[in-house]
Amino acid sequence: MLFRRRKPAGFKEKMRELLWPRKGFLRPLRYLTMRILRLSASPHAVAAGVAAGVFVSWTPFIGVHFVMAFVITYFLSGSMVAAALGCAAFGNPLTYPFIWGITWEIGHLLLSREDHLAGQAVDLAALFHRLNFTELWRPVLEPMLVGAIPPGIVTSVALYALTFYTVKGFQTRRHTRLLERARLRLAKPAGDMPSV
């Protein structure tokens with residue numbers, strides 16, 4: 001196998017890698033950032049895709065985030081790849097507990113409703129297991145969906161602007177470098193060219 005370790009990792013090293021990766025926790029985020037910057041679409045298309053992916057990540061409908069992001073991206077004339085990367089970067093198992101807590105609290109605040117799970121013993125696991133939408137809507141999904149709208153709008157607009165100007169600057173610098181290389185290649189004297 002290509003790129004296999006010469007000495008297989010032991011149990012102790014595997015556990016250390018699981019808890020604290022050798023390359024750090026931010027490496028996947030840096031990778032996704034570079035993937036987004038290197039997309040060949042226009043800055044608007046990339047930024048619209050990322051914004052759609054981020055907005056959809058705030059909603060409680062986990063199984064269909066990518067589909068929802070693709071639909072929104074299609075209507076915004078954005079990049080589908082950027083939407084998928086935006087979903088993956090913003091909505092992941094590390095961020096979902098924070099997203100759910102924030103949307104839960106904002107939803108209850110906006111609906112002017114007391115936490116009506118506090119006084120009752122509601123078995124959420126049983127509700128999710130039965131997947132009865134009508135029983136899940138009022139106590140769980142409605143406040144989370146209503147609470148997802150304000151932070152979703154704020155973060156998607158902010159990340160649209162940030163992504164747009166970052167991608168525009170990156171593409172401009174890349175285009176300038178390519179033109180400079182082409183100019184230098186054309187400026188070389190004919191004597192430096194290898195003969196055939």
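Some ground rules come first: residues are numbered from 1 along each chain as its sequence is written, and side-chain values use heavy atoms, with hydrogens and water left out. As the model is predicted, local features need pLDDT of at least 70 and side-chain atom pairs count only at pLDDT 80 or more, while totals for chains, interfaces and linings use all residues.

The protein chain holds 8 helices and 0 strands, with helices (H or I, at least four residues) and strands (E, at least two) taken as DSSP runs and numbered from the N terminus. Read from the N terminus on, the elements go α-α-α-α-α-α-α-α. Of the 196 residues in the protein chain, 28% are buried; here buried means under 20% relative accessible area, exposed means over 50%, and partly exposed is in between (1.4 Å probe, protein chains only).

Val 46 sits in helix H3 (residues 43-57), and its relative accessibility of 0% is why it counts as buried. The C-alpha atoms of Val 46 and Lys 168 are 9.8 Å apart, although 122 residues separate the two in sequence. From Trp 104 to Pro 143 the C-alpha distance is 5.8 Å, over a sequence gap of 39 residues.

The unreviewed UniProt entry lists residues 62-87 and 144-167 under "transmembrane region"; the positions follow the numbering used here, feature names are shortened, and annotations may be inferred rather than shown by experiment. In the model, residues 62-87 are 73% helix and 0% strand, with the end C-alpha atoms 10 Å apart. Residues 144-167 come out as 100% helix and 0% strand, and there the end C-alpha atoms lie 32 Å apart.

A nonpolar surface patch of about 790 Å² is built from Val 64, Phe 66, Val 67, Phe 70, Val 71, Tyr 74, Phe 75 and Met 80. Patches take residues with over 30% relative accessible area and no salt bridge, joining nonpolar side chains (Val, Leu, Ile, Met, Phe, Trp, Tyr) within 5 Å and like charges within 9 Å. Accessible areas come from the Shrake-Rupley method with a 1.4 Å probe, and for residues only the protein chains shown count as cover. Helix H4 (residues 65-75) gives the largest share of the nonpolar patch, 6 residues. Met 80 lies in helix H5 (residues 80-90) and is partly exposed, at a relative accessible area of 33%. In the loop between H4 and H5 sits Ser 77, a non-glycine residue with a positive phi near 55°; at 54% relative accessibility, Ser 77 counts as exposed.

Charge shows up on the surface too. Arg 173, Arg 177, Arg 181, Arg 185 and Lys 188 gather in a positive patch, where Lys and Arg count as positive, Asp and Glu as negative, and His and the chain ends are not counted. Each charge is placed at NZ of Lys, CZ of Arg, CG of Asp or CD of Glu. Arg 173 is part of helix H8 (residues 133-187).

The count comes to 1 salt bridge, meaning a side-chain nitrogen of Lys or Arg within 4 Å of a carboxyl oxygen of Asp or Glu. Arg 183 pairs with Glu 180, with 2.5 Å between the closest N and O atoms. The two are about one helical turn apart because they are 3 residues apart in helix H8. Arg 183 is partly exposed at 48% relative accessibility, and Glu 180 is partly exposed at 35%.
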